[in-house]
Amino acid sequence: MRVLFVTSECYPLVKTGGLADVSAALPPALNGLGADARVLLPGYPAVLDGLEGKSTVRTLSGLPGGIGARLVAGRLPDGTPAYAIESAELFARPGNPYLAPSGESWADNHLRFAALGWVAAEFARPADDSQWRPEIIHGNDWQAGLMPAYVAFTGSQRPATVMTIHNIAYQGQFPAAYLAALHLPAHSYHMHGVEYYGGIGFLKAGLYYADRLTTVSPSYAREIQSTEHGCGLEGLLASRTDHLSGILNGVDYEIWDPAIDPHLVEPYDHTCLEAKAASKAALQAEFGLEVNPAAPLFAMVSRLNWHKGADLLPEVLPALFARGGQVVLLGTGDSGLENSLSALAAAHPRSAGVHIGYDEAQAHRIQAGADVLLVPSRAEPCGLTQLYAMRYGTLPLVRRTGGLEDSVIDATPAALTDGCATGFAFDEATALGLGWAIRRATDLYRAPERWRAMQLRAMTRDFGWAGSAREYLELYRGLVR
Ligand code: ADP
Ligand code: GLC
């Protein structure tokens with residue numbers, strides 16, 4: 001099965017969130033099952049620098065906006081075959097892949113990511129027989145949204161297309177005036193086409209033209225067909241419900257496993273859980289907190305925005321501190337949230353540590369050192385940090401939504417008795433709802449045997465990619481048959 005996986009980020013070359021982790025892990029997992037999956041990325045400087053054994057395979061002209069580019073082939077650091085679109089005009093800019101240093105989106109993002117979709121579609125019309133031709137082109141998020149449209153316009157002998165929604169809140173909406181520059185035919189500017197609320201919707205286009213739609217958890221696949229979570233696309237998704245399914249993301253256990261994690265002071269796993277204490281003490285010291293093994297240590301590693309529920313913390317945490325609990329937080333995002341969380345840490349320096357920033361190594365140390373990982377998201381398509389936490393024996397405390405609901409088993413009395421509980425879940429996205437769940441977790445923390453049983457259960461659950469990759473392969477086979 002030949003699959004072109006089209007994505008705007010891929011760990012470790014460029015990462016702003018979970019899409020990068022998925023893009024780094026799913027294609028090799030597919031290849032482990034015998035597929036020939038290759039990744040297509042924009043040629044940001046970090047991508048061109050990071051691709052090994054680079055060579056130019058094709059010169060491309062007439063991209064959207066009349067721009068020229070070169071298609072470069074090479075390998076990702078783990079050996080997965082990959083292509084990059086080399087165009088100084090579009091991608092020779094350091095820093096965040098989507099935002100200018102001002103924090104605003106790059107003004108030409110419509111051209112930059114139309115290029116991603118356009119070049120993906122070029123694989124459907126190879127220049128000659130020697131060129132690799134995918135049977136499936138699999139696009140991810142709005143940045144790849146025009147791919148299924150461009151592929152659909154290439155004619156009948158075309159590869160099948162799949163679009164995966166990692167987060168429906170980001171849709172890539174642009175003015176209708178760009179239609180011609182984006183090489184979109186006039187007839188496509190229609191409700192049954194790329195038109196979306198009076199503009200051009202990249203994600204909308206992908207969801208309309210792709211042969212199959214997926215998202216990253218079964219619950220989110222249901223939720224996005226409702227007005228509450230569909231962000232305007234619920235009608236289209238509901239009309240395509242037979243072509244939409246949810247496949248839970250996995251974890252790359254070569255990167256997220258405390259037994260082999262190079263970032264930890266001392267490795268551990270479920271057979272020597274005592275050694276986790278060293279990571280906890282180191283984390284407390286790193287954040288200037290009281291080094292106290294008995295204090296329940298909560299943590300959050302997240303983009304900071306309203307969807308992630310980080311705004312609930314300042315109201316709730318002082319009560320936790322009063323009962324001897326602590327928190328460490330690593331994140332960046334909305335400046336208002338960054339400020340209120342920093343103020344919280346300043347007011348409680350021995351109980352709260354906040355690092356506003358992005359730090360991959362520290363994210364690992366937090367996963368290992370904390371007792372509980374907070375994920376109070378209002379919406380969460382899948383969420384990866386709760387999956388990572390479980391492997392580290394750090395119990396996730398999540399709001400019951402999307403992939404959080406699908407991956408964490410709440411410590412209800414029945415689940416505790418059955419021995420299947422792996423974390424804590426709450427429903428109401430309010431300070432009261434979160435506060436009550438934190439209270440339940442701290443109470444259980446004082447019952448070490450029960451706590452340890454939950455840790456062992458969480459650590460031995462298998463969220464590896466093999467199972468999810470098999471589901472994708474099955475879905476591809478259904479399209480190629
Ligand atoms: P999302 O993609 O919505 O941000 P996920 O839970 O799927 O949420 O993925 C988030 C990824 O980004 C995880 O790998 C997490 O460890 C990482 N991450 C988020 N914020 C930070 C940060 N400030 N520093 C380091 N890693 C972070
Ligand atoms: C998105 C979602 C997150 C998901 C990730 C990878 O960024 O917000 O829930 O885990 O994509 O699919």
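Start by selecting Asn249 together with ligand 2: an N or O atom in the Asn249 side chain sits 2.8 Å from an oxygen atom of the ligand. This is a predicted model, in which local features need pLDDT of at least 70, side-chain atom pairs count only at pLDDT 80 or more, and totals for chains, interfaces and linings use all residues. Residues are numbered from 1 along each chain as its sequence is written, chains are lettered from A and ligands numbered from 1 in the order in which they are written, and side-chain values use heavy atoms, with hydrogens and water left out.

Then show the backbone of Gly383, which places a polar atom 2.8 Å from a ligand 2 oxygen. The protein covers 92% of the 310 Å² of accessible area that ligand 2 has on its own (Shrake-Rupley method, 1.4 Å probe).

Now colour the two domains, whose bounds come from an automatic or database assignment. Domain 1 (2–250 + 465–480) and domain 2 (273–459) both give residues to the shell around ligand 2, so the ligand lies between them.

For the last stop, select the open sheet of 6 strands, ordered S15-S14-S13-S16-S17-S18 with parallel pairing (strands are DSSP runs of E, at least two residues, numbered from the N terminus; two pair if DSSP finds at least two bridges between them). Strands S15 (352–356) and S18 (424–426) stand at the edges with a single partner strand each, so one side of each has no neighbour in the sheet. Zoom in on S14 (residues 326–333), which runs parallel to S15 and is joined to it by 5 bridges; here Gly331 stands opposite Ile356 in S15.

How values were computed
A polar contact is a pair of N or O atoms within 3.5 Å; within protein, one must be able to donate a hydrogen and the other to accept it, and residues adjacent in sequence count only if both atoms are side-chain atoms. Helices (H or I, at least four residues) and strands (E, at least two) are DSSP runs, numbered from the N terminus.
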